[in-house]
Amino acid sequence: GEVKGRGGGSVGEVMDLKRDLKAKDGKIMDLKSENRDLQRDLESLQDMLEKGNQLSKDLQTEIGVMETRLFEAQESEKREKLGRKKLAEAAKSAILGTSNDMGVNLMSLLGIKEGEMVN
């Protein structure tokens, strides 16, 4: 029969267990390596997310600044148009309030052709 070891098990059983332990050690090493890789990947993704969040905040800030600038430019354009309209009305009033010859002279001075004046 088989040679018995101290625990009553055969040498064959011990050799099988030793082989199984070695296989488990190999499997554990593989899993440790895989876990390290996964941990590194996770940290990399978390880092990307953090950078993405920061970029998102920066873009939100930029968008806010741009919206403010656009609003101010639009308001400025409205003010200028209103100012021009008032000037044109003042010029028209001044021209209409003068004698005909003087009015024609003022209109030509302002670059307004006679047909352009509308009451």
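Which residue forms a salt bridge with Arg19? I looked this up first. The partner is Asp16, and the closest N and O atoms are 3.2 Å apart. I keep in mind that the model is predicted.

**Entry: overall make-up.** I counted 2 helices and 0 strands in the protein. The chain has 119 residues, and 5% of them count as buried. I noted an accessible surface of about 10,900 Å². Carbon and sulfur atoms hold 57% of that surface.

**Entry: Arg19 and Asp16.** I found both residues in helix H1. They sit 3 residues apart, about one turn of the helix. Arg19 counts as exposed, at 51% relative accessibility. Asp16 is partly exposed, at 36%.

**Entry: other salt bridges.** I noted a count of 5 salt bridges. One of them joins the side chains of Lys78 and Glu75, at 3.3 Å from N to O. These two are 3 residues apart in helix H1, so about one helical turn separates them. Lys78 is exposed at 53% relative accessibility, while Glu75 is partly exposed at 25%.

I then checked Glu77 and Lys81. Their side chains meet in a salt bridge of 3.2 Å, N to O. They are 4 residues apart in helix H1, so about one helical turn lies between them. Glu77 is partly exposed at 44%, and Lys81 is exposed at 55%.

**Entry: a nonpolar patch.** Which residues form a nonpolar patch on the surface? I found Leu55, Leu59 and Ile63, with about 280 Å² of accessible area together. Ile63 lies in helix H1, which covers residues 11-96. Ile63 is partly exposed, with a relative accessible area of 46%.

Terms used:
Residues numbered from 1 in each chain as written. Predicted model: local features only at pLDDT ≥ 70, side-chain atom pairs only at ≥ 80, totals over all residues. Heavy atoms only, no water. Buried < 20%, exposed > 50% of the residue type's maximum accessible area, 1.4 Å probe, protein only. Areas by Shrake-Rupley, 256 points an atom, 1.4 Å probe, with all protein chains shown as cover. Patch = residues over 30% accessible without salt bridge, like charges linked within 9 Å, V, L, I, M, F, W, Y side chains within 5 Å. Salt bridge = Lys/Arg side-chain N within 4 Å of Asp/Glu carboxyl O.
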